[in-house]
Amino acid sequence: MSINQIQDEIIEEFSFFGDWMEKYEYIIDLGKQLPLIDEQYKDEEHLIKGCQSKVWLHAGKENDHITFTSDSDAIITKGIIALLIRVLSGQKAEEIAKADLYFIDEIGLKEHLSQTRSNGLVSMVKQMKMYGLAFASKN
Amino acid sequence: MNQIKERPTKLDIDKIRSDFPLLSRQMNKKPIVFLDSAASSQKPNQVIKSMDEYYEKQHANVHRGVYQLSQEATDAFEEARRSVQKFINAVEDKEIIFTRGTTEGINLVASSYGRKFLKEGDEVLISAMEHHSNIVPWQMICEQTGARLKVIPVSEKGELVMEEYERLLSERTKIVAVTHISNALGTINPVKEMIKKAHALNIPVLIDGAQAAPHQKIDVQELDADFYVFSAHKVYGPTGMGILYGKEHWLNAMPPYHGGGEMIKTVTFEKTTYNELPFKFEAGTPDIAGAIGLKAAIDYVEAIGHDKIQEHEAELLSYATNKLQDIAGLKIIGTATNKASVISFLVEGVHPYDLGAILDKLGIAVRTGHHCTQPLMDRFEIPGTVRASFAIYNTKEEIDKLAAGVQKAVNMLI
């Protein structure tokens, strides 16, 4: 599936939630399920430091596709990471670089990607796209 | 029959709350429970109106025009200075310098005092519970002058280790800069005693009063503080306005901080002579409306009375401490014997960010994170805390909502 097809799928899934609590419970569940990043990558080099929570991100390359693994010390942050990974991981590098991540807004979680939250997510998205750009230009 | 009216001894909370228009709004479709006054307090109508009125009826630049309007603005501005003087019991009004806030006040002293009095091998003594704004300016001046930063450690309870303080004070110490009340833990430091000890070695002391000014009566003469800094916006006043108090002889001995208009006596291309206190440290057009707003805030606080404010906030603190401690796995960070109305806490297995994000959805505004005190968080080996802070307008019902909200969040997260 393309990046946008997955985004639309997520938006549709979220449309079934009645209120914010159901939504947050789902995100918390996603956070708990997210396969952990390989311990060796949970180091300074892969750390994206937010003021509030920490995020670790690793990018692996298979042909012209990028696989992301990630972790965070905060569970809601981790749940949102799970969504970002579902959308971007396994996609083509150049598609990742130019992706417009509209689903965050649509599902009503944009406050988690605002600068004031400073939870590492804004930098993480930037970093994912940077990997896309870097890997795409190497091809 | 005549009814004998009892003189109210407690705060009329409903009346106070009605003075703060913001408190009637909603956050995330819930009536707002504002528990982040340690970051910035809300403003009463009296403050908001005073500033509106100034702009509507009195505004002109100060200390300049010969016309009546400018004189009126100048009078109002200087009256605000005298009101601050009384608020903290300074000897002279010229010892009151208007700044943009606590941070600027500390930067001013660090830069100005530091350039004049610090040299290689000297020491600046701060504490491990300082806000970044009472760390970084000193680090910057130490880098420039070759002086070194020394740090008073903090105990497990969140109190300064006084034996270590005494041990660290030496003839190398050229200034002590400590916070009156910790923004992250609520600890009230024994600053009077600390100043006395420093003065025994002729060392001046700067007190960061950002968290103290809203909660208790400040008397710079009784404390014998050499410098005392605070921000208007935490004392129900406007943002962008702050106070640096300095003893006259220190301020006279220090070079100006910013250059520009207002702070000069004469300017030629060869040499400029500087204006007298307080204008020497107030380059450029000041925040006149901010000063007027601060005066209105001081009037507001004094009309209620420091005793009543302190009593109310102490009651909230003890109520909240008991309530929160009932929550399984909750640990209060900072259990000093003397505390202001600030509670930092963590729940086992729960990240403060997650807790804060859910409380936000419940309409409860708390601060999460390291509270600009990263070294202190490192000291406790924690990523940060959730901090609830209480002001004159907060109620026990709001604390009940906080406790219920924390419990709800914990149930969702664990």
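In chain B, two helices meet side by side: B:Ala73, B:Ala76, B:Phe77, B:Glu79, B:Ala80, B:Ser83, B:Val84 and B:Phe87 of H3(B) touch B:Ile288, B:Ala291, B:Ile292, B:Leu294, B:Lys295 and B:Ile298 of H10(B). Contact here means that C-beta atoms, placed from the backbone, lie within 7 Å. Helices (H or I, at least four residues) and strands (E, at least two) are DSSP runs, numbered from the N terminus.

This is a predicted model, in which local features need pLDDT of at least 70 and side-chain atom pairs count only at pLDDT 80 or more, while totals for chains, interfaces and linings use all residues. Residues are numbered from 1 along each chain as its sequence is written, and chains are lettered from A and ligands numbered from 1 in the order in which they are written.

**Helix pairs in chain B**

- By class, the contact of H3(B) with H10(B) has 11 nonpolar, one polar and two charged residues. For the classes, Ala, Val, Leu, Ile, Met, Phe, Trp, Tyr, Cys and Pro count as nonpolar, Asp, Glu, Lys and Arg as charged, and the others, Gly among them, as polar.
- The axes of H3(B) and helix H10 (residues 288-304) of chain B come within 9 Å and cross at roughly 45 degrees. Axes are lines fitted to C-alpha atoms, for helices over the stretch in contact, and angles run from 0 to 180 degrees between N-to-C directions.
- H3(B) and H10(B) are therefore oblique to each other. Angles under 35 degrees count as roughly parallel, over 145 as roughly antiparallel, 65 to 115 as roughly perpendicular, and the rest as oblique.
- H3(B) passes H10(B) in a left-handed crossing; that's the word when the near helix is turned anticlockwise from the far one by less than a right angle, and right-handed is used if clockwise.
- Then there's helix H12 (residues 352-361) of chain B, which packs against helix H14 (residues 396-413) of chain B at an angle of about 120 degrees, with the axes 9 Å apart. That makes H12(B) oblique to H14(B).
- H12(B) passes H14(B) in a right-handed crossing. B:Asp354, B:Leu355, B:Ile358 and B:Leu359 of H12(B) make the contact with B:Gly405, B:Val406, B:Ala409, B:Met412 and B:Leu413 of H14(B).

**A closer look at B:Val84**

- B:Val84 sits in helix H3 (residues 68-88) of chain B.
- B:Val84 counts as buried because it has 22 C-beta neighbours inside 10 Å. The cut-offs are 20 or more other C-beta atoms within 10 Å for buried, 12 or fewer for exposed, and in between for partly exposed, with C-beta atoms placed from the backbone.
- Leaving out residues up to four places away in sequence, B:Val84 touches B:Ile96, B:Ile243, B:Leu294 and B:Ile298.

**The sheet in chain B**

- Seven strands form an open sheet in the order S4-S10-S9-S8-S7-S5-S6 (chain B), with mixed pairing. Two strands pair if DSSP finds at least two bridges between them.
- At the edges are strand S4 (96-99) and strand S6 (148-152) of chain B, each pairing on one side only.
- Strand S5 (residues 123-127) of chain B pairs with S6(B) in the parallel sense over five bridges, and B:Ile126 stands opposite B:Val151 in S6(B).
- H3(B) lies across S4, strand S9 (227-231) and strand S10 (242-246) of chain B, at about 115 degrees to S4(B).

- Chain A has an open sheet of four strands in the order S1-S2-S3-S4, with antiparallel pairing.
- Strand S2 (residues 54-62) of chain A pairs with strand S3 (residues 65-72) of chain A in the antiparallel sense over eight bridges. Helix H6 (residues 121-138) of chain A packs on the sheet and touches S1, S2 and S3 of chain A.
- Between the chains, 13 residues of chain A are in contact with 13 residues of chain B. H2(A) gives the largest share of chain A's side, four residues.

- Most residues other than glycine have a negative phi, and most peptide bonds are trans.
- A cis peptide bond joins B:Leu277 and B:Pro278, with omega about -5 degrees.
- B:Asn89 has a positive phi, near 55 degrees, and lies in the loop between H3 and S4 of chain B.
- B:Glu381 also has phi near 55 degrees, and counts as exposed, with 6 C-beta neighbours inside 10 Å.
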